[in-house]
Amino acid sequence: MNMKLWDTGPKLAPYKEEGSTEGASWQDLFLCPGSKACLIGGQNGGFPDFGHHVKLEMGGLWLHPVKLLDGFWLGIRDREEDGGASGPVWLTEAGIFVNHPFHNEHRYTMRRLGLEIVRRQFCPDGEQGILVSFAIRNLLDRPRDLDVHFLVRTDLSPVWFSEGMEWREGFDQGRFHPERGVFTARDEHQPWHVAAGSALPASNCDIDRELFGPHWTAGKGVGGELTYAGEHLPAGGEIEMQSAVAGSLHSELDALASLEKLLGSAEELWAAKVLRYESLLSASELDIPDKHLQKTFHWVKFHQDWLLRDVPGVGRGLGAGQPEYPWWFGCDSSYAIPGLLATGGMQTALDTVRLLHRASEQANGNGRIIHEMSTNGLAAHPGNTQETAHFISCLWEVLKWTGDAALLDELYPSVQKGLDWLLGEMDPDGDLLPEGYGIIEIEGLNVELIDTAVYTWSALNAASEMAALLGDESGRSRWAELAVRVGEAVNRGMWLEEEGLYADAMAPVGKVRDRIDLYIERARQFGADNAVRDLLAMKADMEGLHPELEKPWLFKNWVINTPMEAGLAPRQQAIRALDRMASEEFTGRWGTYLSGMYRDQMMTISTGVQAVAEARYGRMDESLRYARMIASTFNRRLPGSMSEMSPDYGCFVQAWTNYGIVWPLAAYMFGIGPEAYRKHLTLQPRLPEEWKEAAISNVGFGLGEHAAELQQYEIRLTAAEDVYRWKLQGEGWTVRLRLPGEALGAAAVLLDGLRVRLEADGEGCYADVEGEGEHEVRVVKLAAAGS
């Protein structure tokens with residue numbers, strides 16, 4: 001493929017978001033993504049110290065699990081100015097930041113020197129470093145001779161939670177290689193190295209522990225300032241300086257080889273990444289009336305790739321968020337993986353599941369799924385109770401989309417162990433409601449929580465299906481029977497009829513009474529009058545109750561919508577709860593509140609779960625409302641992204657945001673439901689009322705002999721007829737088009753032009769179409785037929 005560096009081509013070119021950096025703070029960050037190396041810096045071109053996991057060290061250039069640089073800077077000296085005696089003028093404040101699908105640019109104007117400069121950078125696939133280009137344009141009508149300075153500040157240091165690795169971090173030691181014109185540095189105690197240079201060799205290099213760019217940065221690093229003397233810049237002309245930084249966790253030779261490859265193969269590496277991102281974009285390509293939501297949907301596919309971490313010797317999988325959570329999480333992955341599956345990310349989903357499973361077996365060995373693992377391979381938390389149940393139900397979704405029989409064989413024993421742990425050790429009172437912290441940790445109440453109970457129900461149903469596939473009849477019947485009992489326990493014990501909501505927790509009165517005054521005081525400190533009122537009422541209701549009485553408690557955290565998200569709630573209860581959750585008590589401008597008591601913070605996951613819950617019960621207009629709330633935060637902090645905390649704080653990109661954008665559209669509005677293990681695809685379209693046309697193409701599912709692709713899928717609804725067209729490639733597959741029950745009363749149903757009769761069941765009606773190829777179903781309405 002012939003492609004010039006920085007040319008994204010016609011397919012990716014429209015995906016470009018930019019913004020002014022005027023008034024930008026250290027919180028206005030950007031990511032230059034790569035599966036191995038990645039860069040985090042300021043949208044204004046700087047590299048601020050920030051971070052709480054590794055204090056002040058979460059930014060810069062990373063080659064996980066090691067940080068390489070705090071940052072890099074370009075300085076320019078005009079030889080004619082002051083006779084060349086003054087020092088370089090550093091690029092400090094970009095005026096414009098532009099974010100592309102996988103690269104970024106910063107645009108500077110250096111009025112003092114009469115220059116415009118564009119800095120661009122990208123991290124090539126599978127490489128241990130970054131390519132950086134500076135396009136320098138002369139605004140004057142005379143030629144110039146410039147000395148160009150490229151300064152890097154190293155900070156070779158380990159990722160968070162590395163104390164257990166016995167990695168002793170030392171000071172960095174730098175040296176210049178005059179024969180190559182490059183700078184290298186290493187940690188004095190570890191075999192961690194970094195190399196920096198340009199396409200042309202530097203004429204000189206200053207090295208000092210106290211050498212910094214335009215601002216100081218923390219750490220034990222060293223500064224290396226490479227000088228490129230006498231670069232000629234024609235009048236009104238432009239030159240481009242191409243630089244690179246590469247690292248190695250093993251040797252200087254490896255770092256230098258990586259640097260040489262980056263500089264010598266830049267165009268080939270660029271073209272390869274363009275091709276791959278074009279493939280990402282074309283997978284599950286959407287065409288819907290809401291063009292902003294459509295654009296957001298496609299950017300989410302890029303976000304998923306931004307968060308992929310591939311660490312040799314540890315594993316490959318989807319990280320949680322940047323900049324504070326680039327490593328792997330059980331909870332986050334279980335929410336994000338369905339969106340991955342529906343947008344061409346089956347391999348990443350499989351890799352993530354296997355990585356979490358392997359890490360959990362090493363850390364726990366009893367089926368319990370870890371909460372968090374750093375990129376050094378160490379599990380930092382053995383896992384909250386709900387994460388095991390959530391992982392099992394997520395695994396079933398992976399199996400349905402991939403049909404990976406080997407994965408089922410590999411993980412089923414851990415599924416069995418995990419359910420035994422949930423309903424054994426974590427259920428000491430035997431009421432089928434496991435104890436332990438869930439997604440929301442209510443301080444001091446390590447009790448039976450709604451999300452854990454609901455996801456346990458989902459996990460039992462999933463395990464029953466897995467057992468059936470494996471011919472384990474004993475397991476199938478056991479898990480199915482337990483699922484019924486858990487569902488009854490939730491709907492009987494945790495539904496609050498007087499509230500029309502599910503409770504957050506089931507706990508003894510004494511436990512809540514011991515903590516209630518603390519909760520009230522904290523709410524007062526936050527000025528949360530609604531919370532104070534609700535908690536005082538809760539305290540009053542406890543008067544006279546026996547401390548050992550176990551009862552449901554309503555703290556109004558967003559997880560009370562999980563019974564609807566999972567489909568556990570009976571429809572009548574679900575609609576009551578969803579209607580109340582949609583009110584101002586639980587929903588703000590940007591989405592679903594984390595707490596209906598405090599009514600202040602919102603996250604993409606609380607809103608996303610609400611979007612899925614609405615779609616689960618066929619309320620597509622309401623589901624669309626929540627998906628749009630998430631999409632409305634696009635570009636609020638980072639151009640081209642949505643923040644974890646709505647509208648514009650926390651991680652500037654978060655994996656689980658895809659759950660509220662991709663999953664409601666793909667799995668419910670388009671109704672795409674593969675069961676790849678038996679080569680069966682259900683299409684159950686349910687569009688929002690305002691959408692009369694929608695299409696999606698290139699949706700892949702199944703691996704190996706089960707592989708298939710829904711190459712085209714179009715829906716067109718008119719007063720006269722509803723038309724559904726699809727083109728499926730996949731040998732031996734059957735499509736079931738599932739329609740609402742009213743289609744049974746249509747004047748005619750035509751399959752590929754021939755009349756057919758729809759089959760009715762408890763979920764509506766359907767028509768089965770065997771074999772791959774193009775097909776069309778027309779549902780002709782009575783009014784149209786009569787006219």
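Predicted model: local features only at pLDDT ≥ 70, side-chain atom pairs only at ≥ 80, totals over all residues.
**Cavities, cysteines and a strand hairpin**

Residues are numbered from 1 along each chain as its sequence is written, and side-chain values use heavy atoms, with hydrogens and water left out.

By a cavity I mean, on a 1 Å grid over the protein atoms alone, a set of points where a 1.4 Å probe fits but cannot get out, with lining residues having an atom within 4 Å of a point. Points are joined across faces, edges and corners, and the volume is the space filled by probe spheres set on them. By this rule there are 4 cavities of 30 Å³ or more.

Which residues line the largest cavity? They are Val300, His303, Gln304, Leu307, Met642, Val653, Gln654, Ala655, Thr657 and Asn658. Two elements, α4 (291-306) and β34 (653-654), each give two or more residues to this lining, and α4 gives the most, with 3; helices here are DSSP runs of H or I with at least four residues, and strands are runs of E with at least two, numbered from the N terminus. The lining has 5 nonpolar, 5 polar and no charged residues, where Ala, Val, Leu, Ile, Met, Phe, Trp, Tyr, Cys and Pro count as nonpolar, Asp, Glu, Lys and Arg as charged, and the others, Gly among them, as polar.

Turning to the cysteines, a search of the whole structure finds 0 disulfides, a disulfide being a pair of cysteine sulfur atoms within 2.5 Å. Cys394 is in no disulfide either, and its nearest cysteine sulfur, that of Cys331, is 11 Å away. Cys123 is buried, at 0% relative accessible area, and Cys394 is buried at 5%, buried meaning under 20% with a 1.4 Å probe and protein chains only.

Finally, the strands, which pair if DSSP finds at least two bridges between them. Strand β3 (residues 37-42) runs antiparallel to β4 (residues 60-63), joined by 4 bridges, and Ile40 has Gly60 in β4 as its bridge partner. β4 also pairs in the antiparallel sense with β5 (residues 66-78), over 3 bridges, with Leu61 opposite Leu69 in β5. β4 and β5 form a hairpin, with 2 residues between them.

Note on methods. Buried < 20%, exposed > 50% of the residue type's maximum accessible area, 1.4 Å probe, protein only. 1 Å grid on protein atoms, 1.4 Å probe; cavity = no way out; pocket = protein on both sides within 12 Å on 5 of 7 lines; lining within 4 Å.
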